[in-house]
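Please read the following briefing alongside the sequence and the model.

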Amino acid sequence: MNKVITLLVVGLFLLIPANAQTDEVSSVTYDGSAYSFSFVWNKKESIRTHLPGLSFSFNNLNGLDDISNANLNSSQSYSIALGLGGFNARIADHWVFGIGARLDFARYHFKGNVGLREIVDPSGSYFTTFVDDPEGRTYKSSKLILYYVTIPVVLEYQCKVNGSNRFWINGGVEGLVKYYSKSQVDIKETGHVKKQSLGHDLNINPISARLVFNIGFDKYGLTAFYQPISLFKSDRGPDLYPWGIGFAVGF
């Protein structure tokens, strides 16, 4: 009877599907007879989101066309973001949830002799706006510098193409925490260029969010974002909505 039970147990192991991964083979000797069987099970391959390790985007500002004395120099307006790491959770065969952290360094360059300044409005509150140079000087450049810590939260679909390479697409929301802002102009003077700061806080929202979208193949991809929340605090600056498109590389 015991020999029959042993043979049934061995048979159950042998019924495991042939396409399962084999990890170990063992042998058992019982009542003078030798039996060999293998422990086998299916193991899913781990996958992770393709949050950019390094990205570069050309930036723009929706709403700037409504301001008569301000024009963006698009070719010199950009952001560079560096990934700091992340967490991934597989939720289905081709789907994975990811959350990460990044440092984002953005610059917006403006044409002409105007710069962003804080002025006092009739109610006594500070308001940020574009102001012509009060001394009529010529600017070599006028720029807004922004540094953020960002927290992207995305849902990604991916699948294998040509063996081990992967096509992937993801989208979600990216939280923004501002830790530095500055308006700066470079003034042309005889024989040299003088840098002058026009302000730091500038009524820029310290916490914000934007929509993000990424698509790519293997470690390389395209990236885009749109910020549906104004860059400046409500009634404390112009209604400007940043967006950008660029490319990214994963680590």
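Asp201 is partly exposed, with a relative accessible area of 37%, where buried means under 20% relative accessible area, exposed over 50% and partly exposed in between (1.4 Å probe, protein chains only). This is a predicted model, in which local features need pLDDT of at least 70 and side-chain atom pairs count only at pLDDT 80 or more, while totals for chains, interfaces and linings use all residues. Residues are numbered from 1 along each chain as its sequence is written, and side-chain values use heavy atoms, with hydrogens and water left out.

**The salt bridge of Asp201**
- The side chain of Asp201 meets that of Lys178 in a salt bridge at 3.6 Å, N to O, a salt bridge being a side-chain nitrogen of Lys or Arg within 4 Å of a carboxyl oxygen of Asp or Glu.
- This pair links distant parts of the chain, 23 residues apart, with Lys178 in strand 9 (residues 165–189) and Asp201 in the loop between strand 10 (192–199) and strand 11.

**Other salt bridges**
- A search of the whole structure finds seven salt bridges, and one of them joins Arg210 to Asp104 at 3.1 Å, N to O.
- Arg210 lies in strand 11 (residues 207–217) and Asp104 in strand 5 (residues 95–110), so that the pair, 106 residues apart, links distant parts of the chain.
- Arg210 is buried at 5% relative accessible area, and Asp104 likewise counts as buried at 3% relative accessibility.
- Both of these residues belong to a network of salt bridges that also links Arg102 and Glu174.
- Asp133 and Arg137 form a further salt bridge, their closest N and O atoms being 3.0 Å apart, and both residues are buried.

**The chain as a whole**
- Of its 251 residues, 38% count as buried.
- Among contacts (heavy atoms within 4.5 Å) between residues at least 6 apart in sequence, 64% join residues at least 24 apart.
- The chain exposes about 14100 Å², of which carbon and sulfur atoms supply 59%, the accessible areas coming from the Shrake-Rupley method with a 1.4 Å probe, and for residues only the protein chains shown count as cover.

Key: Helices (H or I, at least four residues) and strands (E, at least two) are DSSP runs, numbered from the N terminus.
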